[in-house]
Amino acid sequence: MMLKGKNLLCLLDLDKWDIQRLLDVSFSFKEKVMTNSIPKTLEGKRIALFFEKPSTRTRVSSELAVSMLGGTATVLSKNDIQVSRGEPIEDTARVLGRMVNGIGARVQKHETLHKLAEYSNRPTINLLSDLSHPLQALTDFMTIKEIFGTLNKPIAFIGDGGDNVLASLMAFVAKLGLEMRVASPKELRPRPDVWKRIEEEAEGSGAIIEFYEDPYDAVKGVSVVYTDVWISMGQESEAQKRRELLSKYKVTEDLMRYTSSDSIFLHCLPAVRGEEVEPGVIDGKKSKVWDQAENRLYTAMSAFSLIF
């Protein structure tokens with residue numbers, strides 16, 4: 001399908017060719033930024049960027065993407081607008097729909113994205129929800145392709161099996177027929193409805209997604225090791241329980257010894273050194289997290305230019 005005017009709420013909603021197109025255009029924009037030849041594809045367009053949750057990489061990459069493409073970004077934190085005083089998100093969306101050409105939103109609940117898209121009648125892009133983080137996964141696989149020259153490298157995710165970034169990584173893997181291993185405690189697994197869709201996609205594409213309880217089994221020979229924080233925003237009340245469940249799922253220098261010789265470490269950031277990853281890994285030679293963070297800009301430019 002053509003992406004222009006569509007919503008990007010979850011990678012499972014796209015077909016393989018849409019995802020490949022988003023990736024190809026990300027690489028193209030990286031080259032254009034380096035050569036200072038950026039097309040003004042958003043000239044004359046107004047984009048609302050709504051943040052219910054704090055952000056560093058998403059905020060900077062999204063706002064810069066709009067301005068570099070010639071558009072006008074209106075950045076709205078929850079506390080800036082009447083949502084903070086109880087105005088329904090549906091009413092906020094109706095107002096935005098009269099004034100802007102598109103919406104990017106970083107939200108607590110995935111259903112908020114559906115309401116923004118429906119009631120604004122404007123293309124809406126998920127900049128993170130409790131369910132998924134599609135632009136992060138696009139960035140991660142852009143980084144993998146940039147380093148290895150191919151997407152077809154086994155990847156291991158170590159940590160929370162119900163993680164929102166993991167859901168998007170698995171969606172990407174399932175759509176493109178790749179291989180992924182997930183090491184997580186059995187108590188922390190994907191939402192059943194999301195996993196059902198991922199399984200169906202994987203069956204059609206030939207993707208392999210396997211779950212392990214032992215992280216050492218999961219990382220044997222893999223090219224990419226990925227993790228995320230153990231306690232996301234909104235999970236603070238479960239912090240102690242989650243730390244206990246995940247205590248064996250830290251990415252250590254010893255764990256990395258069992259990966260392929262050319263393996264890399266990725267993390268969507270922010271990271272808690274000493275919790276989900278040892279400082280020697282994230283700050284070591286195998287770490288590509290800063291290349292990964294930079295690539296957030298190019299995937300934002302790609303999505304915004306193709307959709308808005």
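Good morning. A word on the source before we start. The model is predicted.

Let me begin with the record. In the model, the span 6-146 is 47% helix and 14% strand. Its end C-alpha atoms lie 27 Å apart. The unreviewed entry also lists "domain: Aspartate/ornithine carbamoyltransferase Asp/Orn-binding", for residues 153-306. The span 153-306 is 43% helix and 14% strand. The end C-alpha atoms of residues 153-306 lie 27 Å apart.

Now the sheets. Strands of a sheet pair through backbone hydrogen bonds, in a parallel or an antiparallel way.

Take the sheet with β1 in it. It is open and has four strands. Reading across, the order is β2-β1-β3-β4, and the pairing is parallel. Which strands stand at the edges? They are β2, residues 72-77, and β4, residues 124-126. Each has a single partner strand, so one side of each has no neighbour in the sheet. From one strand to the next, the twist averages 20°.

Look at one pair in there. Strand β1, residues 46-51, runs parallel to β2, and six bridges join them. Ile47 stands opposite Ala73 in β2.

On to the sheet with β5 in it. This one is open too, with five strands. The order is β7-β6-β5-β8-β9, paired in parallel. At the edges we find β7, residues 208-212, and β9, residues 264-267. Each of these pairs on one side only. Neighbouring strands are turned by 20° against each other on average, ignoring direction.

Again, one pair. Strand β8, residues 224-227, meets β9 in the parallel sense over four bridges. The bridge partner of Val225 is Phe265 in β9.

Two helices go with this five-stranded sheet. Helix α12, residues 289-307, packs on the sheet and touches β8 and β9. The directions of α12 and β9 make an angle of about 45°. Helix α6, residues 164-176, lies across β5, β6, β7 and β8. It runs at about 155° to β6, which spans residues 179-183.

Next, helix against helix. In general, two packed helices are described by the angle between their axes and the distance between the axes.

Start with α5 and α6. Helix α5 covers residues 134-148. Its axis and that of α6 come within 8 Å and cross at roughly 60°. The two helices are therefore oblique to each other. The crossing of α5 and α6 is right-handed. Who meets whom? From α5 come Pro134, Gln136, Ala137, Leu138, Asp140 and Phe141. From α6 come Val165, Ser168, Leu169, Phe172 and Val173. By class, this contact has eight nonpolar, two polar and one charged residues.

Helix α6 also meets α1, residues 16-34. The axes of α1 and α6 come within 9 Å and cross at roughly 115°. That makes α1 roughly perpendicular to α6. The handedness of the α1 and α6 crossing is left. On the α1 side, we have Lys16, Ile19, Gln20 and Leu23. On the α6 side, we have Phe172, Lys175 and Leu176. Four residues of this contact are nonpolar, one is polar and two are charged. Note Phe172, named in the contact with α5 and in the contact with α1.

Back to α5, now with α12. Their axes come within 8 Å and cross at roughly 120°. The crossing of α5 and α12 is right-handed. Residues of α5 in this contact include Leu135, Thr139, Met142 and Glu146. Among their partners in α12 are Asp291, Arg296, Tyr298 and Ala303. How does the contact of α5 with α12 divide by class? It has six nonpolar, six polar and four charged residues.

Last, two backbone details. The bond from Leu269 to Pro270 is cis, with omega near 0°.

Then Asn36. Its phi is near 55°. That is a positive value in a residue other than glycine. Asn36 lies in the loop between α1 and β1.

That is the tour. Thank you.

Note on methods
Residues numbered from 1 in each chain as written. Predicted model: local features only at pLDDT ≥ 70, side-chain atom pairs only at ≥ 80, totals over all residues. Heavy atoms only, no water. Pairing = 2+ DSSP bridges. Axes fitted to C-alpha atoms, helices over the stretch in contact; angles between N-to-C directions. Contact = heavy atoms within 4.5 Å. Parallel < 35°, antiparallel > 145°, perpendicular 65-115°, else oblique. Left-handed = near helix turned anticlockwise from the far one by under 90°. Nonpolar A, V, L, I, M, F, W, Y, C, P; charged D, E, K, R; others polar. UniProt positions renumbered as here; feature names shortened; annotations may be inferred.
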